[in-house]
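Subject: Structure for you to look over

Dear colleague,

Please find below the structure that I promised to hand over, together with its sequence. My notes on what was found in it follow directly after.

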Amino acid sequence: MRTAYSVETVRTAERELMARLPDGALMQRAAAGLAAACADLLGRVYGARIVLLVGSGANGGDALHAGARLARRGAGVRAVLLDPDRAYPGGLRALLAAGGRVDDAAVIRRADLVVDGITGIGGRGGLRPEAEAALWAIPDAVPVVAVDLPSGVSADTGEVVGEAVRADATVTFGAYKPGLLIDPAAEYAGAVRLVDIGLDLPAVPELEALQYADVAALLPKPAAESDKYRRGVIGVAAGSARYPGAAVLAVAGALHGGAGAVRYAGPAADAVIARFPETLVHNGPPSKAGRVQAWVVGPGIGDDTSAVDDVLASDVPVLVDADGLRLLDAAAVRDRPAPTLLTPHAGEAAALLGMSREEVEGARLASVRALATRYGATVLLKGSTTLVASPSGDVPVRVNPTGTPWLATAGSGDVLSGLAGSLLAAGLEARDAGSVAAYLHGLAARQASGGAGVAAQDVAGGIVGAWRDVCRER
């Protein structure tokens, strides 16, 4: 499990640790990790030309102390001080004593590596003009290493307002910060390396990202006495005369996601049976289709509110997606005794929140939390960074690490709905079902694409392989 903590939490932990360490020891730990990462990226140190972009405060101090270590190993290190009167004194003395020099911005064009020590986690908003000018001077081929966080992005929210550093790698200290895992900021971070500096952090983080072993531990596994009913029966209310494929894809996601049985209720029964003859179909309302452990409603249903109302009136967990989100009554969701999982993309989330798509995409963390609170439901916000938030504020938001642009294809969301619904029917909590489904969904798309195009049906077919790969971690 990768965990991320807010700036306030990290700084509190740093202060507590510094009170127990000799003066400057914590910064030296960070500088040692940063210098090692720079050396790894360069592949050599002796003779390398390294330029430090140094702002005020501790972030610049980390860069200066790392530069001093690299200079002692034979690198030619130059510091461009963006605020000379406020450069970290101890770090500047160490750099000069090691043979490094202070230079003007013209030296940036001759660098083999640039280190971004401008603002780090203390920055607010975009960069100042002098920092922007320094960024424009970096040649395209020169790699940039960010200190703790790319300067100009928000550490706590992942938002990017104004100009920011686009790093090839980020060396972060003590803990991941939410902005390193959430777009758009995560896109600026490049490859992220975590340096352990000995922080004592709280048990509950702001954000967490599942890894193979975590997903494997959550996946339902049939027991010796399992039958199709004990494994979970998922109901799917999806599709219409205009969009029968949505029903087929949602059922595909459910069947490949391990459901013991799938009951389909809707007007696309012929299309579903033609593709998946094992499906139990019903042409009437969902409430008459038979007993299920969870429902999926919404993909491709058009403007028919009856299926949404019928499913929300049930006493089992419900996943609402696509057209179902347009037809959603917030009070009906809040009043449900059973869990509800909403799975909007940014455009659907924008409509539910009364804001623009661009605002949602620029503030994903705030948006998913706002939706979870407003509807009293677990929310899976799809996108370049998929987030899962619980209506309870005492558990971390989850971020999916397996997302891929190959999922930007028609019908892939319908597959995800069926997959997550099958996990709900198997007994997983809504937050776990959404997180595990997103993980497998992304992994399946990566494997199915092979670096080429991928269709939603390919993603559905790849779920079994993704499941198998994850289970190897059991």
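In strand 3, the bridge partner of leucine 53 is valine 80, while in strand 5 the residue that stands opposite leucine 53 is aspartate 116. Helices and strands are DSSP runs numbered from the N terminus, a helix (H or I) having at least four residues and a strand (E) at least two, and two strands count as paired if DSSP finds at least two bridges between them. Strand 2 (residues 49-54) and strand 3 (residues 76-81) run parallel and are joined by six bridges, and strand 2 also runs parallel to strand 5 (residues 113-117), to which five bridges join it.

Please keep in mind that this is a predicted model, in which local features need pLDDT of at least 70 and side-chain atom pairs count only at pLDDT 80 or more, whereas totals for chains, interfaces and linings use all residues. Residues are numbered from 1 along each chain as its sequence is written, and side-chain values use heavy atoms, with hydrogens and water left out.

Strand 2 is largely enclosed by the rest of the structure, because five of its six residues are buried; here buried means under 20% relative accessible area, exposed over 50%, and partly exposed in between, with a 1.4 Å probe and protein chains only. Together with helix 3 (residues 58-72) and strand 3, strand 2 makes a right-handed β-α-β unit, where right-handed means that, with the strands pointing away from the viewer, the path from the first strand over the helix to the second runs clockwise.

Turning to helix 1, its twelve residues (residues 7-18) should span 16 Å at 1.5 Å a residue, and the end C-alpha atoms are 16 Å apart, which agrees; the expected span is 1.5 Å times one less than the number of residues. The buried residues of helix 1 are Val7, Val10, Ala13, Glu14 and Leu17. Seen down the axis of helix 1, these buried residues fall within an arc of 130°, so they line one face of the helix, the arc being that of the directions from the helix axis to the C-beta atoms. What covers the buried residues of helix 1 includes helix 2 (25-42), with contact taken as heavy atoms within 4.5 Å, whereas the face turned away from the buried side carries the exposed residues Glu8 and Arg15.

Some backbone details in the loops deserve a look. Aspartate 148, in the loop between strand 6 (144-147) and strand 7, has a positive phi of about 75° although it is not a glycine, and aspartate 148 is buried, with a relative accessible area of 6%. Alanine 322 likewise has a positive phi, of about 55°, without being a glycine; alanine 322 lies in the loop between strand 14 (318-320) and helix 12 (323-326) and is buried at a relative accessible area of 16%. The peptide bond from aspartate 183 to proline 184 is cis, with omega near 5°, and proline 184 lies in the loop between strand 7 (169-173) and helix 6 (185-189).

As for salt bridges, a search of the whole structure finds 15, each being a side-chain nitrogen of Lys or Arg within 4 Å of a carboxyl oxygen of Asp or Glu. One of them joins the side chains of lysine 177 and aspartate 148 (2.9 Å, N to O). Lysine 177 lies in the loop between strand 7 and helix 6 and aspartate 148 in the loop between strand 6 and strand 7, so this pair ties together parts that are 29 residues apart in sequence. Lysine 177 counts as buried, at 0% relative accessibility.

Glutamate 206 forms a salt bridge with arginine 369, their closest N and O atoms being 3.2 Å apart. That pair links distant parts of the chain, with glutamate 206 in the loop between strand 8 (191-195) and strand 9 (207-209) and arginine 369 in helix 16 (residues 364-375), 163 residues apart. Glutamate 206 is partly exposed at 32% relative accessibility, and arginine 369 is partly exposed with a relative accessible area of 33%. Finally, Glu208, Arg398, Arg431 and Asp432 are linked in a network of salt bridges.

With best wishes
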